Amino acid sequence: MNKPAFTTYDTAWCPGCGNFAILETLTGVLNQLATPPHQVVLVGGIGQAAKTNQYITANGFSGLHGRSLPAAAAIKIANNDLTVIVNTGDGDSYGEGGNHFLHNIRRNVDITHFVHDNQIYGLTKGQPSPTSDPCDPLHKAAACNMGATFNPLLVALAAGATFVARSFSGDKKHLADMMAAAIKHPGYALVDILQPCVSFNKINTFAYYKQRVKPLDDRHDPTNKLAAIEKAMEFGDTIPIGILYQQATPTYADKRPELFDNIPLVDKHVPQSAIETLIKSYI
Ligand SMILES: Cc1ncc(C[n+]2csc(CCOP(=O)(O)OP(=O)(O)O)c2C)c(N)n1
Ligand code: SF4
Ligand SMILES: [Mg+2]
């Protein structure tokens, strides 16, 4: 029997939003996978990016703003048969969810994290996010960071991420390649996707990214962490896109095999008496 196709629903995004290209590309990538829709869970927090999960015919889970990663990790641990993909925003992932970002990277559960990075809070109408540009005279009327701008790729590398990539919603072929590689990577995989917010970010526009993004060339060795750190620190006139870093490292499943054997945790039989004993131990 043919695998059922992943399809999309009508969206509520502004015309021209970079999220459309991400939705279309992700749907195409999911259709290339052997995994059927009922075995894919799309997880998000709150925001324009997080709506992506409601627009594709797969399972979806909407957590609180900033709380997508712990929900995604829990889903994967409970049922290892599922492919778990997070789609959520820069504010959600790096701001309110910043602590989860760090510690889920360290845990290395096999989940994929697509951050739709429009360098702004889109849903709440244009406040600065951790990745907004630093304030300067050009930014008088725009959202900008009075403090330091957060560098997600550098932080991910420092926290021990084993797959760190950047892409751009304006280059669908590149984005599809990054998405497919991230989904296939065993362990936590981050793709920071530059995504114009046409309504509220008048600085980091489609043209701004188009002029600056530059695919990594063949000389870049993605197993060289120092080279990856150097590339992660480039974000200005040139913005490197591609797989900055990838390494095969034991995942959470490798370290806790009793949770990931042939029977997923959700299907394991727990006798009523064991539950009663556990509850009684707290009384
Ligand atoms: C716990 C909590 N804090 C704050 C909010 C308000 N809020 C909703 S979306 C959002 C920011 C969204 O920005 P981002 O995550 O970058 O997503 P985007 O809309 O830009 O795609 C905020 C602050 C909320 N809904 N819940
Ligand atoms: S506000 Fe920005 S991020 Fe949200 S739908 Fe409109 S263009 Fe997209
Ligand atoms: Mg955002």
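How many residues of the shell around ligand 1 are nonpolar, polar and charged? The shell divides into 5 nonpolar, 8 polar and 3 charged residues, where Ala, Val, Leu, Ile, Met, Phe, Trp, Tyr, Cys and Pro count as nonpolar, Asp, Glu, Lys and Arg as charged, and the others, Gly among them, as polar. This is a predicted model, in which local features need pLDDT of at least 70, side-chain atom pairs count only at pLDDT 80 or more, and totals for chains, interfaces and linings use all residues. Residues are numbered from 1 along each chain as its sequence is written, chains are lettered from A and ligands numbered from 1 in the order in which they are written, and side-chain values use heavy atoms, with hydrogens and water left out.

Ligand 1 is surrounded by 16 residues (a heavy atom within 4 Å), the closest being Gln48, Gly91, Asp92, Gly122 and Leu123.

Taken alone, ligand 1 exposes 590 Å², of which the protein buries 77% (Shrake-Rupley method, 1.4 Å probe).

The residues of the lining of the largest pocket, by contrast, divide into 5 nonpolar, 5 polar and 6 charged.
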